[in-house]
Amino acid sequence: MLSLAWNRSVPAFLRPSLRRISRSSPKHASLSVLYNFPSRCAISTFNLHSLNHFRPHSLHFHFPPLSPSFSTTSSMCSIKPLQYPIAGRDESVVDNYHGVLISDPYRWLEDPDSEETKEFVDTQVKLTETVLQTCETREKFKGKLTELFNYPRYTPPFKRGDKYFYLHNTGLQAQDVLYVQDSLDGKPEVLLDPNELSEDGTVSLSSLNVSEDGSYLAYGLSGSGSDWVTIKVMRIEDRKIEPDTLSWVKFSGATWTHDGKGFFYSRFPPPKDGETSDAGTETHLNLNPELYYHFLGTDQSEDILCWKDPENPKHLFQADVTDDGKYLLLYTTESCDVVNKVYYLDLSALPDGLEGLRGGKDLLPFQKLVDNFEASYDTIANDDTVFTFLTNKDAPRYKVVRVDLREPSIWTDVVPESEKDVLESAHAVNSNQLLLNYLSDVKAVLQIRDLKTGSFQCQLPIDIGSVSDICARREDSTVFLKFTGFLTPGIIYQCDLKTEDPDLKIFREIVVPKFDRTKYQVDQVFVPSKDGTKIPIFIVAKKDILLDGSHPCLLYGYGGFNISITPSFSVSHIVLLEHLGAVCCIANIRGGGEYGEEWHKAGSLAKKQNCFDDFISAGEYLVSAGYTQPKKLAIEGASNGGLLVGACINQRPDLFGCALAHVGVMDVLRFHKFTIGHAWTSDYGCSDKEEEFHWQIKYSPLHNVRRPWEQSPDQPSQYPTTMILTADHDDRVVPLHSLKLLATMQYVLCTSLDSSPQTNPIIGRIERKAGHGGGLPTQKRIEMSADAYSFMAKVLAASWID
């Protein structure tokens, strides 16, 4: 399957992440695309046109000393001081957090349907447009992005029955199209084109699940980027759309039983009357999901309730059917922490099969294999009762283990934990082999091992970059996978494991016309953070640039939820490199998964400050090494990375010239009260607990906006020019986070003073009919990047180079 396997991926699509996260797994006939991101774990771009990250070619390694010496940033902004709209403040809204009184004067912005909120959004949109109209490079960015983005993109093919399936975008299509062919050499035919489902391209495919024999397709549709999904069914032979319609699905694909009669899926209770008039704009908590089985040709009301847990309303469930079709596995998670329970059911032991449960009220009689939240368990394969798992149990960098259901207390190691590298994924292939994907200093390594013994057989030769979308089942001797790098748009490799010396052969190479990768180089440096921990940074630039501090520089980071930000290709960053002479960088800070669970834990909960220290140290290094200077240094992050940007400009406003904060978690005291935010307490903690409140209040972006000129009167400075980006249908990190921070920054830094030293603009870009990043049509992606980067170019005084 091109799919989400449960543990390390399923929490990923709950995470506040812009990038979509997906682990390829051979266990299902599906391509589940549940967003993010940054993910972790390998980053898989189902929507093939991610503009948010970039990728590698040649790498040079060195370990430089860090000795920052720089002056405070001064404004280079050529935008005239703005007249900000005055937003009403309700000073009566004060919360008592364990004896500490916290004012929340913009609480009214938490109601997306109020006229006051709509007016605030409208005025901010108009203000931002007036600013963007002054950005001379805006149309140049649009034109160049449109030109370079017009290249064909593909996912690797996966096989079900006697057919192959893959996604393809000719270049500027709003959404990727699903194709089917009878053989790898057969004529491709369009199976499902989501571009025909809406005039503006805002209806997207969120999941694709093909039945075992290749007869039926269950596909999920999402509107305007919302996490809400409606599952439909197509008969593949004649493309007939069946009447089956399953609503209020979220964080779930479809898992077919091998008889092809139906599939398992999970959904939430429908919203109560009046809770939402436009799915995706509501903010109420997502609680009490339930697992169902749907028989083809029946109404959703007749679906069999398989599992629920009303005593634990925040728990989420995912079903998985084993390769042999015999067992149903139930995975339960309670948050985004990489831990889960595992229950199992022998489907063949049901007296009358699943049909015998119609109309009944009893839940499925699962047996408990793992009944605690101490570690993650992700099924790789089974031979009857003997199961092989990928786990982090006593192995923060993961290992492969085996257990017999008949002796559930005896677990044995098959592939021990690596001393340094992180085992990102494991696939059973070619009957008796394991394909292992490791992450070694944030670069992919592929190994083939024996499935039974775990013994090493060979390492597949691969360039420096990222591997995603590994497509193969245990029965398949041919594996397909996708490789990408900062300077490699994409190569789909085919590997025949039947050969004595398996090798990767190019099945399809993705080429961007007019892009010459030989003009650029990628360096990886390891920079000491505040506490001495070495932080990897990828630096992408033109070859032989002078380190004279003159270059505009973009630094990107995430740092959370065990998500690894690995090398990836970005058209927008190529435009920055080529036409602004910019330097583009990724800091692999703590909180991510780049070095396993210990690296993740070192940047979460009470240690969250390490993320900000790491990112600030990365910025200081780029200045001290001569790549840039503070007034030319821009920072960018999305979701948890938006929080990162918000916290860093609060803590070090002097270090940056521009900040781009996308869909960020800005109110860290109240995130758990909206949609799926309760799942993020595993990384942030919860303000309901006194100790955790005291962690959060120190860095929450909304609660730490200060006037820097008052903090350090002897070194007058101001906040960097800032753009806060959000979208009206973001039901992952709801827009109120960005709106409240925007109102707070404009008030504290600007409108509350008769004459403010804050002349750098603080604006918000609010996208309509869009969500957290998933399903965004190509044209909207281009426009968003053009707006953000032309704004950045103007305030950094970066000239366009033809």
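Predicted model: local features only at pLDDT ≥ 70, side-chain atom pairs only at ≥ 80, totals over all residues.

Trainee: Which residues make the contact of α3 with α12?
Mentor: From α3 come Arg138, Phe141, Lys142, Leu145, Thr146 and Phe149. From α12 come Thr778, Ile782, Glu783, Ser785, Ala786, Asp787, Tyr789, Ser790 and Ala793. By class, they divide into seven nonpolar, four polar and four charged residues.

Trainee: What meets what between α4 and α12?
Mentor: Ser572, His573 and Leu576 in α4 meet Ser785, Tyr789 and Met792 in α12. The contact of α4 with α12 holds three nonpolar, three polar and no charged residues. Ser785 and Tyr789 of α12 are also listed in the contact with α3.

Trainee: Now α6 and α7. How do you know that they are roughly perpendicular to each other?
Mentor: α6 and α7 pack at an angle of about 70°, with their axes 10 Å apart. Since roughly perpendicular spans 65 to 115 degrees, that term applies to α6 and α7. On the α6 side the contact has Gln609, Cys611, Phe612, Phe615 and Ile616, and on the α7 side Leu643, Leu644, Ala647, Cys648 and Gln651. Eight of these residues are nonpolar, two are polar and none is charged.

Trainee: How do you know that α6 is largely enclosed by the rest of the structure?
Mentor: Buried means under 20% relative accessible area. In α6, 14 of the 16 residues are buried, so the helix is largely enclosed. Helix α6 runs over residues 609-624 and reaches 22 Å from its first C-alpha to its last, close to the 22 Å expected. Just after α6, Gly626 takes a positive phi of about 95°.

Trainee: What makes α7 largely enclosed?
Mentor: The reasoning is again about burial: eleven of the twelve residues of α7 are buried, so α7 is largely enclosed by the rest of the structure. Among the buried ones are Leu643, Leu644, Ala647 and Cys648, which also take part in the contact with α6. Helix α7 (residues 640-651) reaches 17 Å from its first C-alpha to its last, close to the 16 Å expected.

Trainee: What makes the phi of Trp248 worth a comment?
Mentor: Most residues other than glycine have a negative phi. Phi of Trp248 is near 60°, a positive value in a residue other than glycine. Trp248 is found in strand β13 (residues 240-249). Phe561 has a positive phi of about 60° although it is not a glycine, and is found in the loop between β36 and α4.

Trainee: Are Trp248 and Phe561 buried or partly exposed?
Mentor: The limit for buried is under 20%. Phe561 has a relative accessible area of 0%, so Phe561 is buried. Trp248 has 26%, so Trp248 is partly exposed.

Trainee: Why is Ile462 called partly exposed?
Mentor: Partly exposed lies between the 20% limit for buried and the 50% limit for exposed. Ile462 has a relative accessible area of 23%, so Ile462 is partly exposed. Ile462 lies in the loop between β29 and β30, and its contacts beyond four places in sequence are Ala444, Leu446, Val467, Phe483 and Leu504.

Trainee: And what makes Ser455 partly exposed?
Mentor: Ser455 has a relative accessible area of 36%, so the term is partly exposed. Ser455 lies in the loop between β28 and β29. Ser455 touches Ile448, Arg449 and Asp450, not counting residues up to four places away in sequence.

Conventions:
Residues numbered from 1 in each chain as written. Heavy atoms only, no water. Contact = heavy atoms within 4.5 Å. Helix = DSSP H or I, 4+ residues; strand = E, 2+ residues; numbered from the N terminus. Nonpolar A, V, L, I, M, F, W, Y, C, P; charged D, E, K, R; others polar. Expected span 1.5 Å × (residues − 1). Buried < 20%, exposed > 50% of the residue type's maximum accessible area, 1.4 Å probe, protein only. Axes fitted to C-alpha atoms, helices over the stretch in contact; angles between N-to-C directions. Parallel < 35°, antiparallel > 145°, perpendicular 65-115°, else oblique.
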